[in-house]
Amino acid sequence: MRKILVIHGPNLNLLGTREVDVYGSVTIGEINKDLKKHAKARKVALEIVQFNHEGDIVEKVGSASGKFDAILINPAAYTHTSVAIRDAISAVSIPTVEVHLSNIYAREEFRHTSLIAPVARGQVSGFGKMSYILGLEAAISMIGK
Ligand code: DQA
């Protein structure tokens with residue numbers, strides 16, 4: 001069975017109470033439940049992790065070779081700052097889909113730049129928790145079954 005690594009970046013553990021006007025009231029638990037349900041129906045396996053520290057994400061991505069067929073990542077604030085996460089994704093050559101709950105291009109200017117986008121196969125941004133499902137579907141179609 002194909003295996004996909006799902007990484008939630010910093011502060012996404014606070015979803016549900018964090019900036020509800022921007023992210024809605026969905027919790028990370030609800031997102032993960034939906035992802036697992038969708039993955040089961042599509043017969044792919046998921047490992048889902050959340051990290052607040054950049055280095056933890058770098059290590060997880062860096063050790064993913066041979067273990068995962070694709071990566072689905074919401075790098076959260078590190079989207080806009082992390083050369084280290086970008087380099088890790090580039091280094092492992094595992095097809096990666098970048099997702100965001102909010103439309104980062106409709107927000108503050110500093111969010112308009114993603115350092116991750118050039119090393120991702122594609123990006124889904126702005127559809128709330130649906131971004132993750134669409135991103136998962138994109139990852140599945142990239143790797144086949
Ligand atoms: C986010 C967008 C980022 O700009 C922000 O720092 C986040 C969440 C999103 O999912 O919309 O933490 O990645």
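How are α2 and α5 oriented to each other? In this predicted model, local features need pLDDT of at least 70 and side-chain atom pairs count only at pLDDT 80 or more, while totals for chains, interfaces and linings use all residues. Residues are numbered from 1 along each chain as its sequence is written, and side-chain values use heavy atoms, with hydrogens and water left out.

Helix α2 (residues 28-41) packs on helix α5 (residues 130-143) at an angle of about 30°, the axes lying 10 Å apart. The two helices, α2 and α5, are therefore roughly parallel to each other (angles under 35 degrees). Ile31, Asp34, Leu35, His38 and Ala39 of α2 make the contact (heavy atoms within 4.5 Å) with Tyr132, Ile133, Leu136 and Glu137 of α5. By class, this contact of α2 with α5 has six nonpolar, one polar and two charged residues.

Helix α3 (residues 54-62) and helix α4 (residues 83-92) pack at an angle of about 5°, with 9 Å between their axes. This makes α3 roughly parallel to α4. In α3, Glu54, Ile57, Val58, Val61 and Gly62 meet Ala84, Ile85, Ala88, Ile89 and Val92 in α4. The contact of α3 with α4 divides into eight nonpolar residues, one polar and one charged.

One cavity of 30 Å³ or more is present in the structure (a set of points on a 1 Å grid over the protein atoms alone, where a 1.4 Å probe fits but cannot get out). The largest cavity has a volume of about 140 Å³. Its lining (residues with an atom within 4 Å of a point) comprises 14 residues, of which Tyr23, Asn74, Ala76, His100 and Arg107 lie nearest the centre.

Note on methods:
1 Å grid on protein atoms, 1.4 Å probe; cavity = no way out; pocket = protein on both sides within 12 Å on 5 of 7 lines; lining within 4 Å. Points joined across faces, edges and corners; volume = space filled by probe spheres on them. Axes fitted to C-alpha atoms, helices over the stretch in contact; angles between N-to-C directions. Helix = DSSP H or I, 4+ residues; strand = E, 2+ residues; numbered from the N terminus. Parallel < 35°, antiparallel > 145°, perpendicular 65-115°, else oblique. Nonpolar A, V, L, I, M, F, W, Y, C, P; charged D, E, K, R; others polar.
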